Amino acid sequence: MGLSDDIAESITLHFDTDSAPTHRCRACGEELAETPEGYESTSGDTACSDFEPTADADPDYGEGPHDPERIPLSWCNSAAVHTDESEDSVTVSISVGDPRGAFTFTIRRVPDDADGDLAGQLIMHTPYAGEPMPHAALTVLHEGTYVVGTYAPTRRLHSVPPAA
């Protein structure tokens with residue numbers, strides 16, 4: 001089965017990470033920007049109109065700070081799938097942080113007429129800790145699972161289940 005002329009060889013999603021907010025308030029839902037003084041809404045308000053005190057020492061309702069939470073997928077610059085008939089491969093690329101690069105995962109088939117035991121087999125190439133010029137630092141959590149970005153555990157980690 002070959003690729004149809006009607007099917008794109010690449011599909012890419014780009015996310016606006018330069019101007020898009022990365023946080024919103026759990027209480028009021030306002031999009032927030034991080035400032036040296038804390039979080040503020042796009043209108044510049046640092047006080048949340050829906051603030052609910054959690055302790056007697058907190059200010060009254062509607063007079064406290066925003067409660068920031070990260071917006072899902074705000075960490076992703078882009079995601080792409082690329083097929084290459086000449087390499088008999090499919091590559092998935094995901095960019096986090098630096099938009100000039102991406103983590104790439106490629107599965108390719110070794111040609112049937114190649115010398116050796118791998119002829120006709122599928123080979124998977126993945127990012128790994130310690131690779132030269134990585135997209136972002138990787139710390140091994142357990143085999144096949146990494147923490148992306150700078151990470152120094154403060155306590156010994158127990159097992160984290162692998163992704164399904």
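The following legends describe close-up views of a predicted protein model.

In this predicted model, local features require pLDDT of at least 70 and side-chain atom pairs pLDDT 80 or more, whereas totals for chains, interfaces and linings use all residues. Residues are numbered from 1 along each chain as its sequence is written, and side-chain values use heavy atoms, with hydrogens and water left out.

**View 1. Overall chain: 13 strands and zero helices.** Strands are DSSP runs (E, at least two residues) and helices likewise (H or I, at least four), numbered from the N terminus. Of the 164 residues, 19% count as buried (under 20% relative accessible area, 1.4 Å probe, protein chains only). The chain exposes about 12,300 Å², of which carbon and sulfur atoms supply 52% (Shrake-Rupley method, 1.4 Å probe).

**View 2. Open sheet of five strands in the order E1-E8-E9-E10-E11.** The pairing is antiparallel; two strands pair if DSSP finds at least two bridges between them. Strands E1 (10-14) and E11 (122-125) stand at the edges with a single partner strand each, so one side of each is left without a neighbour in the sheet.

**View 3. Pairing of E1 with E8 (residues 76-84).** Five bridges join these strands in the antiparallel sense. Threonine 12 stands opposite alanine 80 in E8.

View 4. Histidine 23 counts as buried because its relative accessibility is 7%. Beyond its neighbours within four places in sequence, histidine 23 is in contact with residues including Glu30, Tyr39, Pro68 and Ile71 (heavy atoms within 4.5 Å).

Notes
Buried means under 20% relative accessible area, exposed over 50%, partly exposed in between (1.4 Å probe, protein chains only).
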